[in-house]
Amino acid sequence: MEPALGSYLALSGILFSIGAVGVIYKRNAIGMFMCIELMLNSVNLSFVAFSRHYGDVTGQLFVFVVMSVAAAEAAVGLGIIITFFRNRLSVDVDDASILKN
Amino acid sequence: MTEFSLLDYAPVLVMFLVAIGFAASQILVAQLVGPRKRTATKLMPYECGKDPVGSARDRFSVKFYMVAVAFLLFDLEILFVIPFAVAFKSLLAAEQSGTVYYGTIAFVTMMFFLGTVVVGLLYEWKKGAFDWSIQARAEAIAEAAELKRKGGVFSRFRKAA
Amino acid sequence: MMNIFLAELADPNVSIPLVLPEMLLALTGILVMIYDSIRPGRRRVTGTISMVGLILSAVALFWIWSTPGQQLSAFGGMIVADSLRMSFTAVFLLVSALTILVSTVWVEREDVHAGEYHTLLLFATVGMMFMASGNDLVIIFLGLETLSIATYVMAGLRRRDLRSNESALKYFILGSYASGFLLYGMALVYGATGTTNVTQIALNTETAQFPALLLVGAAMLVIGFGFKVATVPFHIWTPDVYEGAPSPVTGFMAAGPKAAGFASFLRVFVLGFPLVVGVQASEFLHDSWITALTVMAILTMTVGNIAAIVQNNVKRMLAYSSIAHAGYAMVGFVGAGVAKTATGRDDAIAAVAFYMLTYAVTNLGAFAIVTLVARKNDRRTEFEDYNGIGFRSPVLAFSLSLFMLSLLGLPLTAGFIGKVLVFRPALEAGTSLMVILVVIAVINTAISAYYYLRLIVVMFFRERTEEWSQPKISTALAAVLAITIIGVFYFGIFGNNVIEMFSKYPVDVQMR
């Protein structure tokens, strides 16, 4: 007996919420970025669950795309965080405060 | 459900053997062919490039990040190759029975994709992303020459080399 | 063999010719990248190759546009060739070409690694083009991320400048956060309808297995797209990112990605969630998103304009002005949503595309001058830095004034026709909500006069206390100014020709 669609969706929703709240709550750029990755991967879980529910491979195809996009985003994102760190010696987003009124 | 037979898992065993064989052969070849320049850094206990003694809260070189990102990106390419490899046989079969050349299209597309990946690799290479450090290499060579000249603490290793 | 191969490329399920503009540009991007790695630091060569690529892509686009009897879709319905795609793609190509010309000055002044910059710009453009041509959530997401990832890097190109770092970091974190919401929305829409094809989604709404998921998914999509086009309340990132990014990149971000966001926003909502009379789920969904977007449009215009009034930095002022303009464009968007006939809807879509075109031309012209005045490291971007330059650099001052008047929407300029066209469909719908929307939009236009005219006043009627050295206008920049000034007048006077072109291929989705 495999779990019903609902339980996958619930898990995916919980993980997404943890990620979404984490981004707001965290002050460390790397931590925020990890939360974003958590959000993307929880969506992947939804896609796979729906894909299985409908017996349609489009959902799995979407997951491939999301995974490669997430990798590219990780590469660029960590690069940006590192340049920020080099100039600021900190990855705390509260230090990113020059641009304000 | 068909009957369980251990023989069905034979390919997994073969896979394990190949993996072990590959690892062993790499170590062996490195031992036989690799150049030996003994420096203090190289004789340290191996800990993935970090100092084995000292604070663990240390920052480590940005070069690790470069390697990790290159690995991540090229590793993901397999994500697109595997579905192609799985579907290719049936696409070829469809091509033989029908009028649409799905097999050829898939093949050309995949070659194009791999070509793009190779271009990305060449770009990284040209940009020097795989060059650990020209400076560090020069230092290592100089240090090895120095040690060789002096004999010093590492002289007992020289016999083995 | 060759014949078979060619036949395959034209196969209805593949149809390479239909993605020729995108492919040519992507290949140019790769070419620039390789050239730059072999011979680094040749700005002019990489710039020229990029321009040639953009022109080739434009030729391919107009070939598809002007050849009758083209297929309407390719790759199994993932790519479409309708006027929504064509018109927006033309806008992107123009934006990209102008950005390359504008940035020549900046690239030389700051010694930017131009090869990388041009590559990123081309890839971003490819992403935008796929956002407009994709008729499938997968392609739209892929295009959006290609665009976003390239723009994150472009925002942070001045690696040693803290403002630029900060801009890139904020854009990256908030951008990927919004992408996460967008993606979740896509997953829920897929889950509710069982398909990712936009045309199919519209057909499946009546048989949706989980109507509640569809509604939540649509809400998430509003968040995601709302961020990309910078609408209130998802606009907080805009001023900081626009101020910190290098001026030419800011101009690009305000014109290109915003238009691209609108292209796919329009496609997913107007074509994917249409009103189907008699189907309760669809009626409810349509009603909800129209109301939500109307409220967003009102907030966006009002907050954008009021915040722009109090700014002392020209780039920040233009950032808030871009938020306000997203609000005006959304009036046309909502108009497309409430249109009762397919022609009305297509006209409204063409109007939004035309609006983005006029905004792009005007805005890039303005940013060309901001780049020129700002000098190295974007130092002079405050209002004070424009004090009294009016009669000392008349060319700059008069063209900047023209762009401000066009942004304001003065008759005879492009902005005026753009505004009239986007307000019309909403008025034609005639419901009280739409009338209120248009009235607020008009009031907002009046409010915006304050800060646009303020810049003109500052330039012509303030005493200059500091030294003013006349910046040299290079050939490339002169070309940009010529194109944008001619554009502002041409679109303002002969806008009809463009609109006709923009609604040549009706969208292949019938109203029900």
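Q: At roughly what angle do the axes of helix H14 (residues 342–374) of chain C and helix H18 (residues 475–502) of chain C cross?
A: This is a predicted model, in which local features need pLDDT of at least 70 and side-chain atom pairs count only at pLDDT 80 or more, while totals for chains, interfaces and linings use all residues. Residues are numbered from 1 along each chain as its sequence is written, and chains are lettered from A and ligands numbered from 1 in the order in which they are written. Helices here are DSSP runs (H or I, at least four residues; strands are E, at least two) numbered from the N terminus, and axes are lines fitted to C-alpha atoms, for helices over the stretch in contact, with angles from 0 to 180 degrees between N-to-C directions. The axes of H14(C) and H18(C) come within 10 Å, and their crossing angle is roughly 170°.

Q: Which helix gives the most residues to the side of chain A that touches chain C?
A: The contact takes 34 residues from chain A and 34 residues from chain C. Helix H1 (5–25), helix H2 (29–54) and helix H3 (58–88) of chain A are the elements that each give two or more residues to the chain A side. The greatest contribution, 17 residues, comes from H3(A).

Q: How far apart are the axes of H3(A) and helix H2 (residues 62–97) of chain B?
A: Those two helices pack at an angle of about 170°, which makes H3(A) roughly antiparallel to H2(B). Their contact holds 15 nonpolar residues, 1 polar and no charged, with Phe64(A) and Leu78(A) among those of H3(A), and Tyr65(B) and Phe80(B) among those of H2(B). The axes are separated by 9 Å.

Q: How many of the 8 residues of helix H10 (residues 237–244) of chain C are buried?
A: A residue is buried if 20 or more other C-beta atoms, placed from the backbone, lie within 10 Å of its own, exposed if 12 or fewer, and partly exposed in between. The buried residues of H10(C), which include Asp240(C), Tyr242(C) and Glu243(C), pack against helix H6 (137–155), helix H7 (162–193), helix H11 (247–271) and helix H13 (314–338) of chain C. H10(C) is mostly covered, and its buried residues number 7.

Q: Which residue forms a cis peptide bond with Val232(C)?
A: The loop between helix H9 (211–228) and H10 of chain C also holds Ala230(C), which has a positive phi of about 60° although it is not a glycine. Ala230(C) counts as buried because 28 other C-beta atoms lie within 10 Å. The cis bond, with omega of about 5°, joins Val232(C) to Pro233(C).

Q: Is Leu412(C) buried or partly exposed?
A: Leu412(C) sits in the loop between helix H15 (394–408) and helix H16 (414–429) of chain C, and it has a positive phi of about 80° although it is not a glycine. Because 13 other C-beta atoms lie within 10 Å, Leu412(C) is partly exposed.

Terms used. Two residues are in contact if their C-beta atoms, placed from the backbone, lie within 7 Å. Angles under 35 degrees count as roughly parallel, over 145 as roughly antiparallel, 65 to 115 as roughly perpendicular and the rest as oblique. Ala, Val, Leu, Ile, Met, Phe, Trp, Tyr, Cys and Pro count as nonpolar, Asp, Glu, Lys and Arg as charged, and the others, Gly among them, as polar.
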